[in-house]
Amino acid sequence: MTPADLFALPAMQRALIAAVVTGLAAPVVGTYLVQRRLALMGDGLGHVAVTGVALGLLTGASPTWTAVIVAVLGAAIIELIRERGSANGDVALALLFYGGLAGGVLLTGISGQSAAFLGQYLFGSLLTIGISDLIVTMALSAVVIVLGIGLAPQLFAVAQDQEFAKVSGLRVRFYNLLVAVLAAVSVTVAMRTVGLLLVSALMVVPVAASQQLTRSFRATLLGAMVIGTIASLGGLVISAFASFKATVAPGPTIVLLALACFTVAWPIGSLLRRRRRLVEPFPVDPEVEALYGACPGEHDHQHGPACGHLAIEHGDHVDYVHDGHRHAVHVEASGERHYDEH
Amino acid sequence: MPVTAIEPHPIELTNGAVAIEGRPVLRDINLTVCTGEFVALMGANGSGKSTLVRALTGLRPLAGGELSLFGTAFDDFDDWQRVGFVPQRASAASGVPASVWEIVASGRLTHRRLFRPLSRADRAAIDDAIEIVGLGEKARDGVSTLSGGQQQRALIARALAGAPELFFLDEPTAGVDLPNQLALAEALGRLKARGATIVLVAHELGPLEPLVDRAVVMRDGRLVYDGPPLNHADVHGPHHVHDERHVDHAPRVASPLESITHPKDGMR
């Protein structure tokens, strides 16, 4: 089978569409979760959704819809526990997570389905996605993207500073609940792509990668969407081609590709931040200025743009960093030049 | 002479009481703030000044009493664009990078409708607010890279951006060095000149002192003084001045600014 044949397969085309929409939608909610320092909430909701899938298998209803309902309920309960701010809120969340996973596995057994069938949902099965599931995935992704970007100013303000948002007249509870529900919806949307156990990765890892390189929220959000799309589309294509040689599942490939993006972004980001901090202009302090004195050592060259010493702005002039101290050119009235220690 | 309608006071609180988890914290608070006044709420740690501001902004429900803002009972009040709030906090950073401009932009939310982009007026107000607090050059920088004092100024700019008439600031000078306090004083001075009403919680006024019209001192959840600004010793000195040397029987907890010296030992 040639690559052209592969992309001509309807199953592959459906998988490509599903990969793009989940890659776009999951990081949108992920950004708000990371901003609230709730990066693991998606993971917890994924565990809860397992029970939803199993409930679908047991009752014969569509597992996608039962997963949505159970995950949304789980999200509401998590939000309630969080709002109560009980001292051991994280323990309560853990109870919910493990209850969700154990309940799901148990119910699947009772329904007579094999563990392998549940595995489709746990680790994703992009290539088996049907037309009706694809439509649901696209519709839910669209809801997540429209609300996540359209309400960005409000969601940003609430996540940034709840008290300020409240005094601005925003209904903080509503927006908190909205983020939780959107997270639950994204979890079920990404369920088919990367699987419930890896869902959080597609929500959080693109954000982690994106924020290495950005300074603003907007850029982080858009960057995460781009990285999420690259990872999910790239992961699918790589796994499809690799499948000629070995069994390569798309879900883990997508997550590993997202992690690879982070691995690339991290050193670049720390290099950029280091560079930015290094050339940050020195503040001007008139009281200290009187203490500046000439540098006594011998100087074999004149500092300039090409001399190789780091140049940093300092008030109205430039300092050159030289052996751990700062040189500034001082021209005296007599026309004689020397370097002052700044 | 034509009869003009009397402008309602920005804040009117009568018999205000606040209980936290059933424990009475504030009681018998009567406070009316007139338009254009600069009020400093002062008192020791735990005296209830922050709680009072939180009650006035609705962050803490009142256990009793009546509160009205701009003549509207608090429960019916929804004109939040007239109110600005600077919470007490050390950092403006969160889990995701955000630029100063974005933080300040969230101060315009009270003027924006859902799903609408920023208007030109919004952008101008945001740029202005950043300029007033002197962060013009830092507008595109991430807030987490700013110093504590600069972050505090960014939060003040956020409140300024909404162009409110009534301003609440909770300890804006806490942990802020003198140059930053001076910058803050200048920003608040401009605000006052525009006719805004300002309620400020502070331990020490420092460079803000010349701006203050009225000081309200709290002690143990009650108002104990309401009048012209006071000097430091009047606020933090002992409540009862004894002629005789007096020894407390109970060990006392002093706040950092409270002098532990006995009045007889030359406090004033």
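How many residues in the lining of the largest pocket are nonpolar, how many polar and how many charged? The lining divides into 15 nonpolar, 16 polar and eleven charged residues. Keep in mind as you look around that this is a predicted model.

**Stop 1: the largest pocket.** Select A:Glu280, B:Lys138, B:Asp141, B:Leu146 and B:Gln150; of the 42 lining residues, these lie nearest the pocket's centre. The space here comes to about 1200 Å³. Now color helix H13 (250-278) of chain A, which gives the most to this lining, with five residues. Strand E2 (311-314) of chain A and, from chain B, H4 and helix H5 (178-193) each supply at least two residues as well.

**Stop 2: the largest cavity.** Searching the whole structure turns up three cavities of 30 Å³ or more, and the largest has a volume of about 80 Å³. To find it, select A:Phe164, A:Ser168, B:Val83, B:Gly84 and B:Gly107, the ones nearest its centre among 14 lining residues. Helix H9 (162-167) of chain A is one of the elements giving at least two residues to the lining, and so are strand E6 (83-86) and helix H4 (148-161) of chain B. E6(B) has the largest share, with three residues. By class, you'll find seven nonpolar, six polar and one charged residues around this cavity.

**Stop 3: a helix on the inside.** Next, pick helix H8, residues 152-160 of chain A. Why is H8(A) largely enclosed by the rest of the structure? Because eight of its nine residues are buried. Among them are A:Leu155, A:Phe156 and A:Val158. Show what surrounds the buried residues: they pack against helix H2 (10-35), helix H7 (131-150), H9, helix H10 (172-194) and helix H12 (217-242) of chain A, plus helix H2 (100-105) of chain B.

**Stop 4: a covered strand.** Finish in chain B with strand E3, residues 38-43, where six of six residues are buried. In a regular strand, side chains alternate between the two faces of the sheet.

E3(B) pairs in the parallel sense with strand E8 (residues 197-201) of chain B, over four bridges; look for B:Ala40 opposite B:Leu200. Strand E9 (residues 214-219) of chain B also runs parallel to E3(B), joined by five bridges, and there B:Val39 has B:Arg214 as its bridge partner.

Conventions. Residues are numbered from 1 along each chain as its sequence is written. Chains are lettered from A and ligands numbered from 1 in the order in which they are written. This is a predicted model: local features need pLDDT of at least 70, side-chain atom pairs count only at pLDDT 80 or more; totals for chains, interfaces and linings use all residues. Side-chain values use heavy atoms; hydrogens and water are left out. On a 1 Å grid over the protein atoms alone, a cavity is a set of points where a 1.4 Å probe fits but cannot get out, and a pocket is an open set with protein on both sides within 12 Å along at least five of seven lines; lining residues have an atom within 4 Å of a point. Grid points are joined across faces, edges and corners, and a volume is the space filled by probe spheres set on the points. Ala, Val, Leu, Ile, Met, Phe, Trp, Tyr, Cys and Pro count as nonpolar, Asp, Glu, Lys and Arg as charged, and the others, Gly among them, as polar. Buried means under 20% relative accessible area, exposed over 50%, partly exposed in between (1.4 Å probe, protein chains only). Contact means heavy atoms within 4.5 Å. Two strands pair if DSSP finds at least two bridges between them.
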